[in-house]
Amino acid sequence: MSLLSKGEALRLGRRPARNAAMRKPKAPEANRAHIVRAAIDEFAARGFKGASMDAIAHRTDTTRALINYYFGSKEQLYIAVLEQVYSGIRVAEGRLDLDHLAPDQAIRRIVEFTYGYYLRHTGFVRLVVAENQAGGRYFCKSKAMRSLNRPIIDTLSRVIARGQEQRVFRRDVDPVEIHMAIAALGMFNVTNQYTFGAIFQRKMGAKGDVARRREMVADMILAYLGTTAGERPWQPR
C-alpha cells in the first residue's frame, strides 16, 4: 500500500528532505511502522553497509526523502530496526504464562520459546550477528536498548528465585549468565546450520530434529541449575 499518492511521491522525491517535513504526511505512526518492517528485511539480508535506502523505498512504494523525514538518516533507521526486533522478542517473552508452572517447567518453557523464536525469526538472528560483526557500533547508540532487554532478566530472576525457595535450584545463579547460555545454545542452530551441517552431515535449523535438540538444551540448562528432568536435587553452594 502506498504511503503517498503517486503525484505526491513524485513531487516529494524531487524536493529536498526539508520540504518533505513541511508536507507532514498523514498517519505518521503507521508509515514509520511500515518503513521499519521493510527495513528489517533489507538490513537482515544485506547488513548495514550493504542495505540500500532506495531498496527500502521501493519495498514501501515511497521515497528516500520520506524515509529521511521520519528517521533522519540510514543510521537512525537501522537503530530503529534494532530496537524493533529486540522489542519484538521481549514482547513475545512477556506473553509467556510462567507463574502457574513449577520453576523447572518454567525454565523449560523459556528455552523452548527462545529456541523456536530464533527458527521463526531468522532475520532477527542475522541482525544480531551483523551487529556483533560491527562491534556493536550502532547498538550502543540506542538509549532504549538496555532497558528494553531488562524484562527477560527480571523474568528469569523471578523463576530462579522460586526455584531457590523450593530448594530445587542452586543458590549461586546469575540470571544474565543463564540468559546468555539459553541464547547461545538456541542461536547456534540457526547461525551455524550450514557450516556445522556440512561438516557433520547433520540437518540443522528448522530441517533438523528440532524437538530433540530443544529438549537437550533445556536439560543442559536445568542440569546446571541443579535439576534434571524428573529429578529435583537440592545442592546448597
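What is the volume of the largest pocket? In this predicted model, local features need pLDDT of at least 70 and side-chain atom pairs count only at pLDDT 80 or more, while totals for chains, interfaces and linings use all residues. Residues are numbered from 1 along each chain as its sequence is written, and side-chain values use heavy atoms, with hydrogens and water left out.

The largest pocket has a volume of about 600 Å³. Its lining comprises 21 residues, of which Tyr 86, Val 128, Phe 139, Asn 149 and His 179 are the closest to the centre. A pocket is an open set of points on a 1 Å grid over the protein atoms alone where a 1.4 Å probe fits, with protein on both sides within 12 Å along at least five of seven lines; a cavity is a set from which the probe cannot get out, and lining residues have an atom within 4 Å of a point. A volume is the space filled by probe spheres set on the points, which are joined across faces, edges and corners. Helix 11 (175-191) gives the most to the pocket lining, with six residues. Helices are DSSP runs (H or I, at least four residues), numbered from the N terminus.

One cavity of 30 Å³ or more is counted, and the largest cavity has a volume of about 50 Å³. Helix 6, helix 7 (103-120) and helix 11 each give two or more residues to the lining of this cavity. Among the residues that line the cavity are Ile 89, Arg 90, Tyr 118 and His 179.

Helix 3 (residues 28-50) has 23 residues and bends by about 80° at Ala 44, the bend being the angle between axes fitted to the seven residues ending there and the seven starting there.

Conventions: Expected span 1.5 Å × (residues − 1).
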